[in-house]
Amino acid sequence: MRGTGRAARSEQKAARRAAKPPLTIAFGNQKGGVGKTTLVINLAAALMRGGRITTVIDLDPQKSAERYGEHRAQETGEEAPVVVHGSADNLKDMIETAHLEGVEAILIDCPGALDRTLLLAAACADVVVVPTRSSLLDRNSLRDTLEFLVEAVKIHKCLVVLNAARDGADGGIREVEDLADTFGAVLAATRIEDNRAYSVSLGKGRSVLEGAGARSKPARAIDQLAREIETFHEQAAKAHKRRQK
Ligand SMILES: Nc1ncnc2c1ncn2[C@@H]1O[C@H](COP(=O)(O)OP(=O)(O)OP(=O)(O)O)[C@@H](O)[C@H]1O
Ligand SMILES: [Mg+2]
């Protein structure tokens with residue numbers, strides 16, 4: 001009978017996977033310290049948990065993501081997600097190779113700069129995540145980043161994500177919403193709170209899903225953001241197809 005047994009289950013699993021198009025996400029913001037690497041590491045864990053074979057490509061000369069991968073392997077013995085360092089010049093080849101190897105989600109960690117690396121990463125990506133905090137200085141960098149991305153790629157690919165944002169005397173979240181709106185970029189409904197669990201787990205070579213537990217608030221926020229990015233990608237791809245007709 002069809003639909004029972006191990007073969008049928010693996011068939012269903014393959015079908016579920018096939019239903020999800022491969023996803024490449026670049027993470028960029030001119031400003032350092034806004035949480036690009038933190039989101040890369042944690043979202044990679046959430047995408048793996050959702051059944052995707054996941055690779056992180058670290059394009060930052062600081063090699064924070066690559067070093068995390070090494071630290072993770074030492075601390076936990078875990079080799080996944082694979083984290084590889086590379087340069088913008090070989091990014092296309094790295095992505096092609098990853099696809100040939102069956103990788104279903106690629107997360108690209110970019111340096112805190114508006115440079116050729118971000119340009120090429122954004123061009124290769126299905127979604128460009130722009131993490132941002134919300135102070136005046138953060139908003140100034142967000143404006144520069146969105147200006148750069150509007151020129152470089154279609155803004156419908158860009159998803160601004162509030163990370164560790166706080167309303168303060170110099171304004172805050174409302175101003176970030178307005179800024180995203182001005183550039184026609186989408187602001188993610190999921191916000192990532194300022195929570196030391198993100199840095200504590202990272203220090204132990206673990207994502208927050210492992211470090212604080214999959215049911216913890218910070219882990220659920222990451223999981224929700226991963227699903228939001230997947231949906232955002234699916235909708236953006238559909239809208240793109242409609243425009244081509
Ligand atoms: N939501 C959060 N809550 C608490 N701490 C956070 C959060 N997000 C990031 N951090 C902390 O902020 C610091 C900077 O984060 P991260 O290294 O991810 O930023 P980045 O944008 O990758 O910086 P760079 O451009 O220098 O690579 C780290 O110490 C990290 O643990
Ligand atoms: Mg970083």
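Reader: Which residues does Leu118 touch, not counting those up to four places away in sequence?
Author: Gly28, Cys110 and Ala113. Contact here is when the C-beta atoms of two residues, placed from the backbone, lie within 7 Å. This is a predicted model, where local features need pLDDT of at least 70, side-chain atom pairs count only at pLDDT 80 or more, and totals for chains, interfaces and linings use all residues. Residues are numbered from 1 along each chain as its sequence is written, while chains are lettered from A and ligands numbered from 1 in the order in which they are written.

Reader: Why does Leu118 count as buried?
Author: Because Leu118 has 27 C-beta neighbours inside 10 Å. The cut-offs are 20 or more other C-beta atoms within 10 Å for buried, 12 or fewer for exposed, and partly exposed in between, with C-beta atoms placed from the backbone.

Reader: Where is Leu118 found?
Author: In helix H5, residues 116-124. Helices (H or I, at least four residues) and strands (E, at least two) are DSSP runs, numbered from the N terminus.

Reader: Switching to strand E1, how many of its residues are buried?
Author: Five of the five in E1, residues 23-27. Leu23, Ile25 and Phe27 point one way, Thr24 and Ala26 the other. In a regular strand the side chains alternate between the two faces of the sheet.

Reader: And what does E1 run parallel to?
Author: Strand E4 (residues 105-109), joined to E1 by five bridges; strands pair if DSSP finds at least two bridges between them. The partner of Ile25 in E4 is Leu107. E1 also pairs in the parallel sense with strand E5 (residues 127-132), over three bridges, with Ala26 opposite Val128.
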